[in-house]
Every structure is written in C-alpha cells, then in structure tokens.
Amino acid sequence: MLRIGVLVSGGGTNLQAILDGIDSGKIRNGKVEVVISNNEKAYALERAARRQIPAFCISPKSFADRARFHEALLKKLEEYALDLIVLAGFLVTIPPEMIRRYRNRIINIHPSLIPSFCGVGYYGLKVHEGALKRGVKVTGATVHFVDEGVDSGPILLQRAVEVEPGDTPGTLQKRVMEQAEWVILPKAIDMLANGELPLGEGE
Ligand code: GRF
C-alpha cells in the first residue's frame with residue numbers, strides 16, 4: 001500500500017478527487033495518511049477531517065524563519081513514513097532538502113500543458129489568463145515530479161482541454177479542473193502505486 005501525503009493551500013478539490021479515486025477503486029493500492037496545509041482556513045483540511053485523515057496546518061507565519069518552518073514540515077512528513085507526496089494546489093515553495101529526500105517521490109498538478117504557461121508567476125487564475133491572452137485553442141493540465149525549479153521536473157501525464165469561445169479565466173479554470181486535473185492526478189497516483197510509472201528512491 002502506497003503511503004500518500006497531500007499538501008494543500010485552498011479548496012482541496014484535487015484532494016477530493018484523490019479521495020474519491022481511492023473510494024471508487026480508480027486508485028489501487030494507495031492510502032492518504034496525512035494532509036498538510038499552510039493555511040488554517042483551507043477547506044481541504046475539513047475534507048480530510050471528515051474522513052478521519054490526520055490533518056495539520058503548518059504555516060510559515062507560525063515560525064521565526066523559513067528554516068524552522070522547513071524543519072517542522074519535514075518532521076511531520078517523516079512521522080508518516082510516506083512513499084509519495086502530492087502537491088495539490090500547494091502554494092508554498094518546497095525546501096530543497098525535501099526535494100532531495102523525496103527525489104521523484106513528490107508530484108505536482110499544474111493547470112496548463114507544460115512548458116506553456118508555467119514557471120514563476122504562473123499560478124491559479126494567472127495560468128488561464130495567460131492562455132486566453134495568447135489565444136491558444138487548446139490548454140490542459142500536467143502532472144510532473146517536483147525538482148529544484150518551478151514546474152520544471154519530469155512530466156508524468158498530460159491531458160488536453162479545448163478553449164471555448166467566450167471563455168473567461170474562471171470558466172477555463174473550471175473546465176481544466178473537471179476535464180483534466182481531477183482525471184490525471186488520480187490516474188498518475190494509481191500508476192505510481194502500481195508500478196506503471198517509476199517512483200524515485202530519494203537521496
Ligand atoms: C488547481 O488549479 C491546481 O492545478 C493548482 O491549484 C488549484 C488547486 O485547487 N495548482 P484545489 O485546492 O485542488 O481545489
């Protein structure tokens with residue numbers, strides 16, 4: 001059984017897609033052991049608590065400096081002996097020591113077809129604003145391993161979504177979530193849990 005930790009900052013619809021994927025059998029051999037948010041108001045924490053999944057807020061604001069925040073985050077992750085860490089809308093930069101410790105064991109979902117509309121500054125609605133401004137006809141989502149760069153790690157899965165006439169960043173965001181993010185994130189986890197995609201060893 002793959003031991004999964006999910007890091008969140010907001011509403012947690014991607015977390016929900018993972019939990020539903022486990023319930024429906026779309027994710028085989030995986031269990032969410034812990035959910036961590038940097039934001040105590042994140043609705044994602046409630047989604048976890050409702051399922052009796054241990055859920056914690058670890059916020060940089062509660063620590064004197066970043067180093068101490070990083071230490072607390074890593075310590076909590078270690079407590080749960082995780083095989084896979086999923087960044088599901090986690091808006092905080094991941095410490096380099098965590099990337100090394102869990103090399104190719106941390107995945108992120110990004111709401112565009114990388115390498116378009118990714119990197120520094122492209123998060124949340126800004127991704128979809130960028131796509132609409134450029135006038136692309138197809139966008140989508142990407143699941144990738146997290147490395148030291150921003151959205152630069154090895155790509156695991158992608159799924160395309162049509163841009164429709166009259167789309168706003170909001171309508172496009174919703175379609176990308178429904179048609180791509182909530183599909184490929186559970187799928188990538190299932191494939192990692194069942195040896196259909198390669199998990200790293202950590203360093
Ligand atoms: C998603 O669009 C995800 O791609 C991005 O942040 C959003 C998270 O939404 N990185 P939610 O908290 O899973 O609802």
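Student: Which residues of helix α2 (residues 43-50) are buried?

Tutor: This is a predicted model, in which local features need pLDDT of at least 70, side-chain atom pairs count only at pLDDT 80 or more, and totals for chains, interfaces and linings use all residues. Residues are numbered from 1 along each chain as its sequence is written, and side-chain values use heavy atoms, leaving out hydrogens and water. Buried means under 20% relative accessible area, with a 1.4 Å probe and protein chains only, while helices (H or I, at least four residues) and strands (E, at least two) are DSSP runs numbered from the N terminus. In α2 the buried residues are A44, L45, R47 and A48.

Student: Within what arc do the buried residues of α2 fall, seen down its axis?

Tutor: The arc is taken from the directions from the helix axis to the C-beta atoms. The buried residues line one face of α2, because they fall within an arc of 160°.

Student: What covers the buried residues of α2?

Tutor: Contact here means heavy atoms within 4.5 Å. The covering elements include β1 (2-8), α1 (13-24), β2 (30-37) and β3 (55-57).

Student: Which residues of α6 make the contact with α5?

Tutor: From α5, the contact is made by L125, H128, E129, A131 and L132. The residues on the α6 side are P169, G170, L172, Q173 and V176.

Student: Which members of the largest nonpolar core touch the most other members?

Tutor: A nonpolar core is a set of buried Ala, Val, Leu, Ile, Met, Phe, Trp, Tyr and Cys residues joined through side-chain atoms within 4.5 Å. The largest has 39 residues, and its largest share, 10 residues, comes from α6. Those touching the most other members are V6, V86, I107, L185 and I189.

Student: Is M191 buried or exposed?

Tutor: M191 lies in helix α6 and touches L157, E196 and L197, not counting residues up to four places away in sequence. Because its relative accessibility is 16%, M191 counts as buried.

How values were computed
Buried means under 20% relative accessible area, exposed over 50%, partly exposed in between (1.4 Å probe, protein chains only).
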